[in-house]
Amino acid sequence: MAYLTQPDYIKYVCSCGQLKPITNLYFCRHCLKIRCGFCICHEVDSHYCANCLENMPSSEARLKKNRCSSCFDCPSCFHTLSTRATIAQPRQDPAAGDAKIENKQPKKMYYLSCFNCRWTSRDVGIPDQPVASGGWPERTNPFAARVNQLLDYYKAIAQQEKQEKLDRERKKFAIRGKYMNLTDKTGLTGAMARNIAGLASSESSSSAIANFVPSQASEEVEELPEDYHTQEVNLKQITSMRQRLRAAEWQPRSAARLQPAARALSVKRSQRCRACDHNLTKPEYNPGSVKFKIELLAYYHVPEVKIISYETVKPGETTALLLKLTNPTAHEMQVRLLQPQDVPEVEEREEPKSIEKSLEKSLNLEKDSSWSKVLQRRAALPTACAVRAPDAALTLAQRDDAAEYDDDPQHDTSDIIMWRKSNKLALRLQVATAAGAAPGGPARAALALQYSYRNTVPPAAAAPAPRDHTLYTTLVIHLGTVAE
Amino acid sequence: MSQNIKILPGATVCEDCTLEGDITIGGGTVIHPRVTIIADGGPIIIAEYCIIEEYSTIIHKKSDKQENPPKPLFIGAHNVFEVGCRLESSFGHIGESNVFECRSFVGVNVKIGSGCVIGAACNLTVTQTLADNTVIWGSEHHNREALEKQPSQLLQLDFLSKVMPNYHRLRKPNVHKRLPSRQSQEISK
Amino acid sequence: MALYEGIALIQEKQAVVLDLGTDYTKFGFTGEAAPRCIIPSEYWCTSERRFKRVYDYNNEEELYDNLVHMLHLLYFRHVLVNPKERKVVVVESLLSPTMFRETLAKVLFLHYEVSGVMWADSARLCALTLGAPVALVVSLGARDAEVVAVVHGCPVLQAIQSQPLGARAIHDELARLLDRDNGTELHLPDHVLEDIKVRACFVPGRARALQLAGGGAPAARAAPYTRAERSLSVSGAARELAAEPLFARDNEMASLPDAVLQCIALCPIDARRELAENVLVTGGTAALPGLRARLAQELRHLVTLPPYRDRLRVSKFKFHTAPAHDNAAAWVGGALCGAADGGARALARDAFARERRLADWPSLLHTTPRTHPHWDELAEAEPLG
């Protein structure tokens, strides 16, 4: 809960150089590195409606333009609309006489209503529906027909251009023209220009090109009525920008033309490490479930550091800092505090270069990640404050859920360990602040951790990987502001 | 303060509420427990079929230019005051079929027509006049005009006036213009 | 090549079209008539705990982050597709800064691993929605008003006009007028100004504007506008005059009609009449009621005055209507363009990986003809290795 409501006092350095709290980080068990939302690959897993929690296959979602077929949003305040029923007395139809008895029975009719802004589908004159879900009038984009005409036209031109190019290649006319200009590079317009200039474009001028009518300009421009400025204005009847843009296809100006909008779907995402393509998280398929099939969060693998308390940081002085370390794994952990500069550079482990591998790499540019290293950032670590790290290996016991009830902290004799309790450890540390630290500025100290990690992934048959690893992580501790 | 509370027959008024000053409560109106109604600057008249829910407050404030005799604050029929709302008004007329949603606040200088909805937690402090059928919602006070008045809560009123006597002590109607209804007789027994 | 294209046609996923505007971002699929979403170009920045605009950046790294977050929002919240291995049509202004383009390319190719990006300028795309050979595209955006002549599919580069006469100019004027009318500095936030502009403001005709300037016209009706913290009256003057800066002429001739006429004047002489008879006014600001009519009136008036009278000899102005809403015309052009040739002209990912730079019209590397002697000199100076 503290992670949700409080500022992030402790930030970890992700392998891509971003500073994030531990709850926002992932841990790839295959690369043994910390990853964050910024440096992993997100993928759309499944579509669902967040209102009715109904899954929708992605092909159907594509067909329905990512809209739920049964839920609607209020076009006025964007809250979800609810269906309300009324009893409608069928109109007495004198022509029908009393031939049909069932006609006289009251019928249930449904309309949509918003509980937030009290908008109803009756406000805009949509007739009530006899069925509870669906059947609401669908609108088409007023420009769709013209856009489709244009599309056919340009497709025909592109096709024709391609055909001409093929013909030319066949005839060994390889010269494309003297000038490389903008038209060549992006426009479709070379053929268009030729077409318009009346040059014999080609024998295969399709009907789409022949029948196409370009837009006609007119001298008339729609003017406001002469007395527009004296007309009464009622701002309540004119839609706001948000209301218009919610219906991007219609963009009504008058509030009377707002229509219920089918609710947009949401997606479940799975996340993948970019370096090794393994999944970091994979949600369960069921939209009602918030659980994951794969959930490699840093919170479950990396020792968690929390501040218990600290003395106000003063320039040129040494102040006390109490930290709590937690081992979230099911194995004993050796932790050593280091200065950030003592962390050994992660040498790029070049895989044994088999000819096949390198060949594959040179052929497959898509997977070549070496040049994306350009984007790798170095986190700017604070230097004004330094945590005096005693050079001692600390042992953190494994997580033991039963030990939670054992509430008798063991007092260790060591001068830096304040207490020890199951998989937790409280440390008494010193923070040395440089004399030049600016008073009033944020006091931040960097600290590195070396910790042992036991990999529980069953090793691949081919290469038995070592199970125990020594890993490093760097974190930045926020200690309020530097005092005067 | 002079206590002059008139409860018309058919009204359901819980005992556990603060009523001060000259207050008239119309028939069919339901006042839940823990409601505060203070007629400080003049009488308050609440018409028929209103629902005033828990922790709502209606105050007729004293104003500087008080007339003599003080003008009443008239609250029309079919108004709904939801939980925790607060209405402060110096005098005047509040229309009918309004809904004051939960924790809404209506300040002194607001004139309210009929069929308005003041959304949950909306603080109306600015001097303004709400035309009929205005709906206000959200922290930014978005507003719109509804086509028709809010439907009246007759079913709910019916239910409340049946159920409330079973669980709460009620104040008895003290004005007997007409014959007291069968229900209120039962309560008084 | 032909074989590859055949496979591509089968496998090609529908490309997406991205129009990253200063205020609003339009995003959707090619071949569709309207964008799937038009949303403000801003995202919730968790570290700063506020909405951050994409165009608020001080350096390339910040812009990179902004774009990553914005595209994440667009792909995973609105359009709901995997960005990977999908082509993108980017709608951009001809005057888009190089740094912005290059950073956007990096974000798309490296971060989202899209398979290809087609860079297309908004002026030509707007002209595509007409199907007319010659068009004078007047695009009124959030910041700038750009006038570009598109002649047979080629933008006339030397005639591009750009003036800071977009929505911001109107907002500033509206804020000034409201402050004046209410007697205090209101400090209204941008979205409130926009809301007032969108709902209350209009552009009066030229005749009425002249009357108003002379002070001899009754004011328009005021509109009451209530917000949570105060109620203010939007006076008739504020409603009518907010867009006047667009038409205010001074000695620099920097008004909107001047920009249009100057653009025509700088174009080849045989295209001028055609251009004047094929004007397309587009961009979100063009949706202001009465703006088109006023621009037409101003153009017809100004063209009879020096210096245009002698230089232009244009008598008629005709206006097109694009088959799209004003704020999405360029986007629709992009959707047409991307769908028509199946992304064959897109810059492929591996090509970008090799070159690491984008083709751009101001760059001589891309505009010098292959037969030009400079290429030989370049090859001599640094042998390609």
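Buried residues make up 54% of the 385 residues in chain C of this predicted model, whereas in chain A, which has 484 residues, 28% count as buried. The secondary structure of chain C comprises 16 helices and 15 strands, and that of chain A eight helices and 22 strands. In chain C, 69% of the contacts with a separation of 6 or more join residues 24 or more positions apart; the corresponding share in chain A is 66%.

The overall dimensions of chain C can be set beside its length. A compact globule of 385 residues would have a radius of gyration near 21 Å, and the 23 Å of chain C agrees with this. Along the principal axes, the C-alpha atoms of chain C fill a box of roughly 75 × 55 × 40 Å.

Within chain C, six strands form an open sheet of mixed pairing, in the order E3-E2-E1-E6-E7-E15. Because E3(C) and E15(C), the latter covering residues 347-348, each have a single partner strand, they stand at the edges, and one side of each is left without a neighbour in the sheet. E1(C) and E2(C) are paired in the antiparallel sense over five bridges, and Leu18(C) stands opposite Phe27(C) of E2(C).

Two helices lie across strands of this sheet. Helix H2(C) lies across E1, E2 and E3 of chain C and runs at about 50 degrees to E2(C), while helix H13(C), residues 329-340, lies across E1, E2, E6 and E7 of chain C and runs at about 150 degrees to E1(C).

Helix H2(C) covers residues 60-79, and its 20 residues should span 28 Å at 1.5 Å a residue, which agrees with the 26 Å between its end C-alpha atoms. Its buried residues include Leu63(C), Leu67(C), Met70(C), Leu71(C) and Leu74(C), but also Asp65(C), Asn66(C) and His69(C). An α-helix has 3.6 residues a turn, so residues three or four places apart point the same way. The buried residues of H2(C) pack against the strands E1, E2, E3, E4 and E5 of chain C, and also against helix H3(C), residues 98-111. After H2(C) comes Leu80(C), whose phi is positive, near 60 degrees.

Chain C also meets chain B, where six residues of chain B are in contact with five residues of chain C. On the chain B side of this contact there are one nonpolar, four polar and one charged residues.

Note on methods:
Residues numbered from 1 in each chain as written. Chains lettered and ligands numbered in written order. Predicted model: local features only at pLDDT ≥ 70, side-chain atom pairs only at ≥ 80, totals over all residues. Contact = placed C-beta atoms within 7 Å. Nonpolar A, V, L, I, M, F, W, Y, C, P; charged D, E, K, R; others polar. Helix = DSSP H or I, 4+ residues; strand = E, 2+ residues; numbered from the N terminus. Buried ≥ 20, exposed ≤ 12 C-beta atoms within 10 Å, placed from the backbone. Expected span 1.5 Å × (residues − 1). Pairing = 2+ DSSP bridges. Axes fitted to C-alpha atoms, helices over the stretch in contact; angles between N-to-C directions. Rg over C-alpha atoms; globule rule 2.2 N^0.38 Å.
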